[in-house]
Amino acid sequence: MENLRNLEKLGQLKSHTTSREEVTRMLDAARRNIADAGVEAISNETRFDSAYKAIMQLALTAMMANGFRPDTKRPGHHQTVIQSLPNTIGLSSARMVVLDVLRRKRNNADYLGDDVDEGAMKQCISDAADLLRDVTAWLAEHRPDLV
């Protein structure tokens with residue numbers, strides 16, 4: 001929690017009070033995006049984007065459940081949200097690094113036109129599903145008032 005407070009002092013995070021309704025909306029949106037990522041008739045890029053969006057929604061939900069949200073006016077808020085997962089839900093650093101690699105792949109696809117291969121797309125979908133499981137388990141244990 002101290003790391004999150006330090007990020008708040010630096011202006012990267014803002015204090016935030018969430019609610020059961022907000023958390024429910026975010027979890028439902030993440031589930032929809034994971035389902036959309038499973039549609040095989042669409043491109044690898046679109047499937048990857050849907051899974052990545054779910055990862056961001058889940059990481060943001062975890063952050064909000066800890067009393068913060070990113071300042072989206074500052075650059076790098078996706079990085080901040082993903083890299084906060086060890087502090088918000090106790091995600092291992094190794095798993096956070098994998099999610100951060102997916103974030104960079106998403107940036108390269110969006111801003112440089114890089115291709116998203118099938119392996120990266122499948123990895124992103126799998127990691128999104130795993131993160132959904134982890135965030136919902138953390139919420140049930142640490143913030144049952146929100147679920």
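**Chat: how α7 packs in this model**

Me: Which residues of α3 meet α7 in this one?
Reply: This is a predicted model. In it, Asn 44, Arg 47, Phe 48, Ala 51, Tyr 52, Ala 54, Ile 55, Leu 58, Ala 59, Thr 61, Ala 62 and Ala 65 are the α3 residues in contact with α7. On the α7 side they meet Glu 118, Ala 120, Met 121, Cys 124, Ile 125, Asp 127, Ala 128, Leu 131, Leu 132, Val 135, Trp 138 and Leu 139.

Me: And by class, what's in that contact?
Reply: The contact of α3 with α7 has 19 nonpolar residues, 2 polar and 3 charged.

Me: At what angle do the axes of α3 and α7 cross?
Reply: Roughly 20°, and the axes come within 8 Å. Helix α3 covers residues 44-65 and helix α7 residues 118-142. Angles under 35 degrees count as roughly parallel, so α3 is roughly parallel to α7.

Me: Is the crossing of α3 and α7 left-handed or right-handed?
Reply: Left-handed.

Me: OK, switching to α6. How far apart are the axes of α6 and α7?
Reply: They are 11 Å apart, and the two helices pack at an angle of about 130°. That makes α6, residues 93-112, oblique to α7. The crossing of α6 and α7 is left-handed.

Me: Which α6 residues meet α7?
Reply: Arg 95, Val 98, Leu 99, Leu 102 and Lys 105. Their partners in α7 are Ala 120, Gln 123, Cys 124, Asp 127, Asp 130, Leu 131, Arg 133 and Asp 134.

Me: How do the residues of that contact divide by class?
Reply: For α6 with α7, there are 6 nonpolar, 1 polar and 6 charged residues.

Definitions and conventions: Residues are numbered from 1 along each chain as its sequence is written. This is a predicted model: local features need pLDDT of at least 70, side-chain atom pairs count only at pLDDT 80 or more; totals for chains, interfaces and linings use all residues. Side-chain values use heavy atoms; hydrogens and water are left out. Axes are lines fitted to C-alpha atoms, for helices over the stretch in contact, and angles run from 0 to 180 degrees between N-to-C directions. Helices (H or I, at least four residues) and strands (E, at least two) are DSSP runs, numbered from the N terminus. Angles under 35 degrees count as roughly parallel, over 145 as roughly antiparallel, 65 to 115 as roughly perpendicular and the rest as oblique. A crossing is left-handed if the near helix is turned anticlockwise from the far one by less than a right angle, and right-handed if clockwise. Contact means heavy atoms within 4.5 Å. Ala, Val, Leu, Ile, Met, Phe, Trp, Tyr, Cys and Pro count as nonpolar, Asp, Glu, Lys and Arg as charged, and the others, Gly among them, as polar.
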